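Open the model in your viewer and keep the selection tool ready. This tour goes stop by stop, saying what to select and what is there.

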Amino acid sequence: PGTPIYSDYYFGAKLYILLGVLVIPLASLVYLFIRNKLITLESLKKLPLILPLAGLSFAFLLGGVLYEGRGASDLHFALFQILAFAIIFWLLYLGLRDEDPNELCSYFTFVCAVLASVLILEVAHLYIFEDVIAPDGKINEYMINFGWGISNTVASALSVLIPVCFLGVIKGKYHFVYFAIGTLALVADLFTLSRNGALFGCLFYILSVGACCLFGERKKLYRYVALGTAVTVGIILLIFGNDIEHMFSSMIDSGLNDSGRFKLWRLAFDAFLENPLFGQGYYSFAEDWTTYASFIPFQAHNTVFQLLQSMGIFGFVAYLVYRAYTLIPFLKKPSVEKLMLLMSIGVLLGESLLDNFIFWFAPTFIYNLAIIIAIKMCEKDRNTEKIFLEATEETACVESARVECAVAVNSPSIGTVAQEADASIGAEIDA
């Protein structure tokens, strides 16, 4: 449908039709969960992150509650955020309740690689069939959009997927395929001309390659691969450096230009000072900047300032509590899987300091699944420890009984009985 400001799918009748269609699969999932007894009173009691997500949801609802300009649309957007952060998260958790976390992580890695491949092909299609490259050889950034995404959102999606692809390099069977997809994802990221995507894409690509050199059975191999990749990039820049600089000149010339972000942050902070407790809601910010008619409100392009402006100090604290709880599963018994999933989340959170991605619906699917996998890994560890402790205690009891029988067998009066008991316990230990 085009970029948001020109698309009529972001407001009016078409938007509500799309949201209505979205309700159908969600309602179907809930029905299937109830029919298959995945949603029960017992399972609801065991949901993770109940308190932090309840607090965050309450903060979303209270966003701008004391601001005179708050309207019904603010409530709609708050419910939208609760759906993305809490409802979808819990539905996914319940639906994946019986999955082995390691197998789930492997499948998640495969799906992310497929998604990255689709986005790579989308970017390639733009360059092949659209007038993205101008007659003077420069890339026209404003031509880079597809679906509901402009260059920044496409770049964000690609860079978020890079660490997960490299998890496939470390743990997957077809590691070279995952390496190729992860590398092409970075290339496609750069060709979106998003400075935010380029910054975090390059940073986490280097960290991901570094992880391949440190972890897994193939770490020695990928030290050579990393060296070869670095040399190849150096040769390409040496030979085609001037052409690349000319093609990407619009991004390079922008340099560290804030593109109006500093002004947005100042406006957001001023709005927070006027309504420090609960902020000014979600749609008031557009009044200070532009007539931005869309269901997705114009935002401050920074997580901290956005929270303060729209939800006040109450929402900011609720988000910090929630964020702390989401980090705990990754820090308990760290593993390479948790590290790479945390890096993927790190890309999203880092980019959200310069844009709005954490408050958009689509990124929360990958984000929520990464957290769920880490939580399920912790649950599996706890269950394994519990089984081990129970087995240890049972073995200790049996050994104690064996010693008592060994003492008792010296007594002529109960010798025969003790010998039979000892034989029975010995068989149990063997079993």
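The bend at a residue is the angle between two axes, one fitted to the seven residues ending there and one to the seven starting there. Helices are DSSP runs (H or I, at least four residues), numbered from the N terminus. This is a predicted model, in which local features need pLDDT of at least 70, side-chain atom pairs count only at pLDDT 80 or more, and totals for chains, interfaces and linings use all residues. Residues are numbered from 1 along each chain as its sequence is written, and side-chain values use heavy atoms, with hydrogens and water left out.

**Stop 1: helix 12**

Select residues 303–331, which make up helix 12. Centre on Met311: helix 12 bends there by about 130°. Now check the span.

Look at both ends. At the start, a side-chain oxygen of Asn302 comes to within 2.9 Å of the backbone nitrogen of Val304. Just after the helix, Lys333 has a positive phi of about 45°.

**Stop 2: Gln280**

Select Gln280, in the loop between helix 11 and helix 12. Gln280 is buried at 4% relative accessible area (buried is under 20%, exposed over 50%, partly exposed in between; 1.4 Å probe, protein chains only). Show its contacts (heavy atoms within 4.5 Å). Beyond four places in sequence, they include Gly64, Tyr67, Gln309 and Ser310.

**Stop 3: aromatic rings**

Rings of Phe, Tyr and Trp (its six-membered ring) pair if their centres lie within 6.5 Å; planes under 30 degrees apart are stacked, over 60 edge-to-face, and the rest tilted. The structure holds 20 such pairs. Select Phe262 and Trp265: this pair is tilted, at 5.5 Å centre to centre and 55° between the planes. Both residues sit in helix 11 (residues 261–274), three residues apart, about one turn of the helix. Trp265 is buried, at 16%.

Then select Phe60, Phe85, Tyr319, Tyr322 and Tyr367, which form one aromatic cluster.

**Stop 4: salt bridges**

How many salt bridges are there? The count is four, taking a side-chain nitrogen of Lys or Arg within 4 Å of a carboxyl oxygen of Asp or Glu.

- Select Arg97 and Asp98. Their closest N and O atoms are 3.6 Å apart. Arg97 is partly exposed at 31%, and Asp98 is exposed at 63%.
- Select Asp100 and Lys380. Their closest N and O atoms are 2.9 Å apart. Asp100 is partly exposed at 25%, as is Lys380 at 31%.
- Select Arg261 and Asp355. This salt bridge is 3.7 Å, N to O. Arg261 is in helix 11 and Asp355 in the loop between helix 13 (336–351) and helix 14, 94 residues apart. Arg261 and Asp355 are buried.

**Stop 5: Ser151**

Select Ser151, in helix 6 (residues 151–171). Ser151 is buried, at 5%. Its side chain makes a polar contact of 3.3 Å with that of Glu141 (N or O atoms within 3.5 Å; within protein, one must be able to donate a hydrogen and the other to accept it, and residues adjacent in sequence count only if both atoms are side-chain atoms). Setting aside residues up to four places away in sequence, Ser151 touches Glu141, Ile144, Thr192 and Ser194.

Conventions:
Helices (H or I, at least four residues) and strands (E, at least two) are DSSP runs, numbered from the N terminus.
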